[in-house]
Amino acid sequence: VQLQASGGGLVLPGGSLRLACTPSGRTFSGSAMGWFRQAAGKEREFVGSISRSGSRTTYTESVKGRFTISRDNNKATVYLQMNSLEAEDTAEYFCAASKPSFSTLWTSRNADDYTYWGQGTLVTVSS
């Protein structure tokens, strides 16, 4: 079971990127999905999470109003739309999936609640 994050790259401050997370080996339509990031020399931090239904999202304060998580369960893909990017957003971004969730509204900021992790994609915001 793998999750693959893609869509990273070099972008100017104020620019936008859309990351995608796709699984292989199984689907995660019954799982909450999360995005985390890790900057060089720093600990991994929570970015945002989306419930299995897609009806509830949560974000870390620093990205609220700039980042949007969505999911297309038909395509088994989760997206992270990042707008108004700042240098402080530079990091490797990872997607993760929880175990199947009973609640359609459950999300989590806690990395320990996510069972499946993918390889990251690097986002560099620089002029």
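Author: Buried means under 20% relative accessible area, exposed means over 50%, and partly exposed is whatever falls in between (1.4 Å probe, protein chains only). The structure discussed here is a predicted model, in which local features need pLDDT of at least 70 and side-chain atom pairs count only at pLDDT 80 or more, while totals for chains, interfaces and linings use all residues. Residues are numbered from 1 along each chain as its sequence is written, and side-chain values use heavy atoms, without hydrogens or water.

Reader: What makes Trp 117 count as buried, exposed or partly exposed?

Author: Its relative accessibility is 27%. Because this value falls between the limits of 20% and 50%, Trp 117 counts as partly exposed.

Reader: Why is Phe 36 placed in its accessibility class?

Author: Phe 36 has a relative accessible area of 2%. As this is under 20%, Phe 36 is buried.

Reader: How many aromatic pairs does the structure hold, and what is the geometry of the pair formed by Phe 36 and Trp 117?

Author: There are five aromatic pairs in the structure. In the pair of Phe 36 and Trp 117, the ring centres are 5.0 Å apart and the planes form an angle of 50°. Rings of Phe, Tyr and Trp (its six-membered ring) pair if their centres lie within 6.5 Å; planes under 30 degrees apart are stacked, over 60 edge-to-face, and the rest tilted. The pair of Phe 36 and Trp 117 is therefore tilted. Phe 36 belongs to strand 4 and Trp 117 to strand 10 (residues 114-117), so the pair ties together parts that are 81 residues apart in sequence. Strands here are DSSP runs of E, at least two residues, numbered from the N terminus. Phe 36, Phe 46, Tyr 114 and Trp 117 make up one aromatic cluster.

Reader: Which members of the largest nonpolar core touch the most other members?

Author: Of its 25 residues, those are Met 33, Trp 35, Phe 67, Leu 80, Met 82 and Tyr 93. Strands 1, 3, 4 (31-38), 5 (45-50), 7, 8 (77-82), 9 (91-100) and 11 (121-125) each give two or more residues to this core. Strand 9 gives the most, with four residues. Apart from this core lies another of five residues, among them Phe 36, Phe 46, Ala 96 and Ala 111. Such a core is a set of buried Ala, Val, Leu, Ile, Met, Phe, Trp, Tyr and Cys residues joined through side-chain atoms within 4.5 Å.

Reader: Why is strand 9 described as largely enclosed?

Author: Seven of its 10 residues are buried, so the rest of the structure largely encloses strand 9.

Reader: Which way does strand 9 run relative to strand 4, strand 10 and strand 11?

Author: Strand 9 runs antiparallel to strand 4, with seven bridges, to strand 10, with three bridges, and to strand 11, also with three bridges. Strands pair if DSSP finds at least two bridges between them. Trp 35 stands opposite Cys 95 of strand 9, Ala 97 opposite Tyr 116 of strand 10, and Glu 92 opposite Leu 122 of strand 11.

Reader: In what order do the four strands of the open sheet stand, and why do strand 1 and strand 7 count as edges?

Author: The order is 1-3-8-7, with antiparallel pairing. Strand 1 (2-6) and strand 7 (67-72) each have a single partner strand, so one side of each lacks a neighbour in the sheet. Strand 1 pairs with strand 3 (residues 17-24) over five bridges, and Ala 5 has Cys 21 as its bridge partner.
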